Amino acid sequence: MSHRRTLPGCVFVAACVALFAATARAHEYKLDAVMNAFVKIESDEAHLVIRAPLYLFKSAKFPAKNAEIDIANSAPATERAVAGLQRDVLVFEDGRPLSASKASVRVSLPSDKSFETYEQAVRHVAEPIAPDTAIYIDQGYVDAHLTFPIRSPKSVFSVRTTAAPELGNYLKLAVRYLPPGEESRAMVITSTSGTVNLNPTWYGAATGFVSLGISHILAGTDHLLFLLCLIIPLRGWRQILAIITTFTVAHSFTLVGSAFGLAPTGPWFPPFVETIIAASIVYMALENIIGVDVRRRILLTGLFGLVHGFGFSYGLQENLQFAGTHLLVSLFAFNLGIEIGQILVVVFMLPALAVIRRYVLPGRVGTIILSAIVAHIGWHWMTDRWEVLSKVSWPQPSAAGVATLALWVTGILLAAGAVSIITKRVQFAPGDTLPSRQRGVAD
């Protein structure tokens, strides 16, 4: 290979390592602050009853006496606080922001438990606070009850919070939605969630979950790296289509199962899944270097795809709260979004790989170098995630746990058997078969 080609290849390798080095670390865990709220819909009114931490209202400038709030002289400050709540927590009807016709507000002790139910919260906000109540500055809550006139209880209602945007996802708004004639629903949103429908239509839920699936796969660096690793050595559309289809079917299987509560639970399972995902990247990268058999790769892609499905399910489970009554529609739409994002990624990857193979890292050497980069990144992810996993307590054996394990093992064995039978019957065209120098020694 000439120096003219070697230099760009070295620059490419260094750039890839620098690009992904920052992502090779374990997850961090953060403390959160919470605002609690109820949204109740009646025939001609919507009610927002909300409790927010007092420290969010520094601009309200509550009067102080020593280290405590001067309750007797705090009326102007509480009015400023409720005005801030109306500005920062918005309720919409069919996309139209609602304006409160009535508002009640008070401050409360940090030990107060009145927001356990809607009825308790409404009664509590309506009660005046005793002037001699001792509430320390930046402790306790601001509680408010806002009443909005509405056009119809059958409208689509939405909520958006922009409170303390500098806190981002640290500050959460926990909403309990109480629609007429239906069961209540709970959801948690932040200032980064945008406008969230409390009772979405089926097509609104579908649109939102398709977008969520696309963004989830595009933001999942480990899933993207696994996809790249799968197609690096492949030649021919038949190979690529077989591999991608197998991966799609496999991760859809576990994604659906997880959505219906059939996945293992406990603090050990998420880091276990993430560790196996990283290990799958390392294994596939090493197989690319040693040699690839297409039929074996299809089988392994299916097995690893099952694990990646559990990883996809975490993004889904966090957002199923926004599905309203359209669980199945949202589940299908999320999976569709993942497939759309996956297709977009593959369509981008294939030309990029063709250019790299032709001009930067040509021939078998290019496959080895690209796979080595991927293996290096995956190895760092795997070791970091293993460190997290090793600190988590493993579950104690139980009848329910054994039954869940047996269910998944049976499903995996059946799926593996089906894939094995199909791959034996598939006849790859000569142009679709890897050259002998790219195949394993056993071939």
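Helices and strands are here taken as DSSP runs, of at least four residues (H or I) for a helix and at least two (E) for a strand, and they are numbered from the N terminus.

1. Overall content. This is a predicted model, and the chain in it has 11 helices and 12 strands. Of its 443 residues, 46% are buried, while the chain exposes about 22500 Å², of which carbon and sulfur atoms supply 64%. Among the contacts with a separation of 6 or more, 80% are accounted for by residues 24 or more positions apart.

2. Helices α4 and α9. The axes of α4, residues 202–219, and α9, residues 327–360, come within 7 Å and cross at roughly 40 degrees. As to handedness, α4 passes α9 in a right-handed crossing.

3. Residues at the α4 and α9 contact. On the α4 side the contact includes Trp 202, Phe 209, Val 210, Ile 214 and Ile 217, and on the α9 side it includes Val 329, Phe 334, Ile 338, Ile 340 and Val 345. Gly 213 of α4 also takes part, as do Gly 337 and Gly 341 of α9. By class, the residues of this contact divide into 16 nonpolar, six polar and no charged.

4. Helices α6 and α8. Here the axes of α6, residues 237–259, and α8, residues 294–317, come within 6 Å and cross at roughly 40 degrees, and the crossing is right-handed. The residues of the contact divide into 13 nonpolar, 12 polar and one charged.

5. Asp 94. Most residues other than glycine have a negative phi. Asp 94, however, has a phi near 50 degrees, a positive value in a residue other than glycine. Asp 94 lies in the loop between β5 (89–93) and β6 (96–97). Is Asp 94 buried or exposed? Its relative accessible area is 51%, and Asp 94 is exposed, given that the cut-off for that class is over 50%.

6. Ala 164. A positive phi, near 45 degrees, is found at Ala 164, again a residue other than glycine. Ala 164 is placed in the loop between β9 (157–161) and β10 (171–178). With a relative accessibility of 15%, Ala 164 counts as buried, since buried means under 20%.

Note on methods
Residues numbered from 1 in each chain as written. Predicted model: local features only at pLDDT ≥ 70, side-chain atom pairs only at ≥ 80, totals over all residues. Heavy atoms only, no water. Axes fitted to C-alpha atoms, helices over the stretch in contact; angles between N-to-C directions. Left-handed = near helix turned anticlockwise from the far one by under 90°. Contact = heavy atoms within 4.5 Å. Nonpolar A, V, L, I, M, F, W, Y, C, P; charged D, E, K, R; others polar. Buried < 20%, exposed > 50% of the residue type's maximum accessible area, 1.4 Å probe, protein only. Areas by Shrake-Rupley, 256 points an atom, 1.4 Å probe, with all protein chains shown as cover.
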